[in-house]
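Please examine the sequence and model shown here.

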Amino acid sequence: MNWQMVSLADVRPQPWKNGGGTTRELLAWPSPADWRVRLSVAEVASDGPFSCFEGVQRCFAVLSGAGVRLDMGGTLHTLTAASEPLAFDGAVAVGCTLIDGATQDFNLMARGGSPTLRRVRGAWQGLAGATGFVALYAHQSWTTATFDHETVTIPPATLAWRVADLAAPVAVHSSDALWMEVMP
């Protein structure tokens with residue numbers, strides 16, 4: 001099997017320097033010191049700024065809680081667990097205000113590639129790009145995905161990921177999951 005899995009429960013939370021929350025880094029690929037793709041789940045406990053990441057493209061999705069308001073240079077984005085993920089430049093200053101209490105959020109960061117993050121509720125089919133990195137985060141439900149004729153079943157609160165070396169059809173069945181791709 002080409003899929004690798006990481007359970008959220010197996011990753012220790014790391015407190016933020018500003019005290020506003022914690023992050024569980026599910027994956028820093030290909031290595032923690034020199035990552036190209038970084039995937040994490042954050043518990044956001046208070047309002048505050050996002051960290052700036054020059055040269056990084058980011059995708060952000062609310063997993064649970066009432067949601068957040070993100071201020072990006074005067075443009076306001078309201079995101080909830082029902083919203084589609086938001087993609088933005090990691091160098092942009094982002095202020096985060098919680099709508100009504102703490103949230104749990106998913107972050108996809110990519111250096112030198114083009115990331116896509118898609119919320120899947122129900123059945124979704126698509127075509128993954130020719131080469132790159134693909135992953136699926138099963139949030140609150142068991143999730144099944146077929147990619148390159150290989151099927152994987154993912155328990156809740158678990159990330160499954162693999163390197164893709166060819167374009168291939170993908171099919172995902174879930175009541176609550178995030179599909180992601182990072183193409184060079």
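## Basis

The model is predicted: local features need pLDDT of at least 70, side-chain atom pairs count only at pLDDT 80 or more, and totals for chains, interfaces and linings use all residues. Residues are numbered from 1 along each chain as its sequence is written, and side-chain values use heavy atoms, with hydrogens and water left out.

## Nonpolar cores

A nonpolar core is a set of buried Ala, Val, Leu, Ile, Met, Phe, Trp, Tyr and Cys residues joined through side-chain atoms within 4.5 Å; buried means under 20% relative accessible area, exposed over 50%, and partly exposed in between (1.4 Å probe, protein chains only). The largest such core has 24 residues, and Leu-39, Phe-106, Tyr-137 and Met-180 have the most contacts inside it. Among the elements giving it two or more residues are β3 (21-29), β4 (37-44) and β17 (168-183); strands are DSSP runs (E, at least two residues), numbered from the N terminus. A second, separate core of 19 residues includes Ala-138, Ile-154, Val-170 and Met-183.

Contact means heavy atoms within 4.5 Å. Not counting residues up to four places away in sequence, Phe-106 touches residues including Leu-39, Tyr-137 and Met-180.

## Open sheet

An open antiparallel sheet of 4 strands has the order β5-β10-β7-β8; strands pair if DSSP finds at least two bridges between them. β5 and β8 (75-79) each have a single partner strand, so one side of each lacks a neighbour in the sheet. Strands β7 (residues 68-72) and β10 (residues 95-98) are joined by 4 bridges, and Asp-71 has Gly-95 as its bridge partner in β10.

## Loop residue

Glu-54 lies in the loop between β5 (48-49) and β6. Glu-54 is exposed, with a relative accessible area of 67%.
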